[in-house]
Amino acid sequence: MSTKKSLQTSLIHSDYIAPEGFAAFPTAIHHASTVLFENVAAMRARNWQDKSGYTYGLHGTPTSFTLEARLAAIEGGTGCVLAPSGLAAIALVDFAVLKSGDDVLLPDNVYNPNRELGTWLQHDFGITVRYYDPTIGAGIAALMQPDTRLIWTEAPGSVTMEVPDIPAICTVAHAYGALVAIDNTWSAGIAFDAFAHGVDFVMHALTKYQSGGSDVLMGAVITRDDALRQKLDQAHMRLGFGVGMDDAFLVMRGLPTMKLRFDAHDAGARNVAAWLKARPEIARVLHPAFEDCPGHAIWKRDFTGAGGLFSVIFDERYTEAQTDRFVDRLELFKIGFSWGGANSLCVPYRVHGMRADWQGSGQLVRFNIGLEEPADLIADIEKALQKLG
Ligand SMILES: *Cc1c(COP(=O)(O)O)cnc(C)c1O
């Protein structure tokens, strides 16, 4: 007997089930807040932390599970948690492992919003936050306290570009029972094998090379320790750091080409940096593959590539107004934050305001080399330099 439903109900309910066996390369985009259970017993039996099934959109769908698994595999970890931005991924690590009374060490060249978060933790959450010279290496032992719980590292710092000695910092941290987190965004997990060098947490702004499109914000934290992974999961649930599945799809779409893009950014950046190094207007090139860069020897020892980001210090005869005009005159290089997309970017930084111990008075300008032809980028820079005065 036909049980034709009313129009309103049939707009919502359908018995159609698409045939099985569809195969294609893209991971399907599974959107969900509500996830359905077959019956009450199945619902009651389900644990949101068990990644063999689904409970609620916040905890993931096949789309986000797939991205997590792929990112963990790329980094050589066992677990990955996604967050709505790179900064959210930093916060996830902090809230997963810190409690009031703990002490945290941040490098003095740290990504500035991480410092801002540190200031908040210090003022309102009873956590001590101290800063260390990013070139400190094993000397970090002198800063360790019984309550030091977490050391953040960034390899290299994304404005002043010092390359830290990660193995030395990890050895000291672990001897004192502290954990080490790395912001590994610069290397994309391609040019630096963070777990092999001893860290406990690898954090990425997927916003950069993984996405490659300058069109999505997302972050990830990867571990190879189940207990730490569970702490991350707890913090992720308590903070409600869900990600959109369209965004997860966009990040996944970038992965197959990530190494090819990274290598092209790397070659272009070394090309442009070498040209700048020979210019009389430029005092120093802060690119880890160049000897001017603090930690260059460590980069040679521990890294296999460099990507597209570097900074230069102009000769001190140029004022901020002059170097600002240089940046304004660039045509192919656009002014904007971030990196890892196809477009070249350029940003002047006021380093004295960011770092109390910064030496020297030349202006710092950061370049992100995109995927344009390097000769065209050099011609663009040359034209702007000619009008520098
Ligand atoms: C961009 C970036 C972040 C933050 O990523 P968002 O997705 O923009 O929040 C963190 N660390 C570094 C080094 C970055 O470059």
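**View 1. The lining of the largest cavity, sorted by class.** By class, 7 nonpolar, 7 polar and 3 charged residues make up this lining. Here Ala, Val, Leu, Ile, Met, Phe, Trp, Tyr, Cys and Pro count as nonpolar, Asp, Glu, Lys and Arg as charged, and the others, Gly among them, as polar. What you see is a predicted model, in which local features need pLDDT of at least 70 and side-chain atom pairs count only at pLDDT 80 or more, while totals for chains, interfaces and linings use all residues. Residues are numbered from 1 along each chain as its sequence is written, and side-chain values use heavy atoms, with hydrogens and water left out.

**View 2. Inside the largest cavity.** A cavity is a set of points, on a 1 Å grid over the protein atoms alone, where a 1.4 Å probe fits but cannot get out; lining residues have an atom within 4 Å of a point. The largest cavity holds about 160 Å³ of space, a volume being the space filled by probe spheres set on the points, which are joined across faces, edges and corners. Of its 17 lining residues, Lys51, Leu58, His59, Glu68 and His236 lie nearest the centre. Helix 3 (62-75), strand 1 (79-83) and helix 7 (226-239) each give two or more residues to this lining. Helices (H or I, at least four residues) and strands (E, at least two) are DSSP runs, numbered from the N terminus.

**View 3. The second largest cavity.** About 30 Å³ of space lies here. Look for Asp94, Leu98, Val104, Leu106, Asn114, Gly118, Leu121 and Val129 in the lining. Strand 2 (103-107) and helix 5 (112-124) are the elements giving two or more residues, and helix 5 gives the most, with 3 residues.

View 4. The ligand sits in the largest pocket. A pocket is an open set of grid points with protein on both sides within 12 Å along at least five of seven lines, and a molecule sits in one if more than half of its atoms lie within 2 Å of its grid points. Residues around the ligand (a heavy atom within 4 Å) include Tyr111, Glu154, Lys208 and Trp339.

View 5. A ligand nitrogen atom lies 2.6 Å from an N or O atom in the side chain of Asp183. Thr207 places a polar side-chain atom 2.6 Å from an oxygen atom of the ligand.

How values were computed:
Polar contact = N/O pair within 3.5 Å; in protein donor to acceptor, adjacent residues only side chain to side chain.
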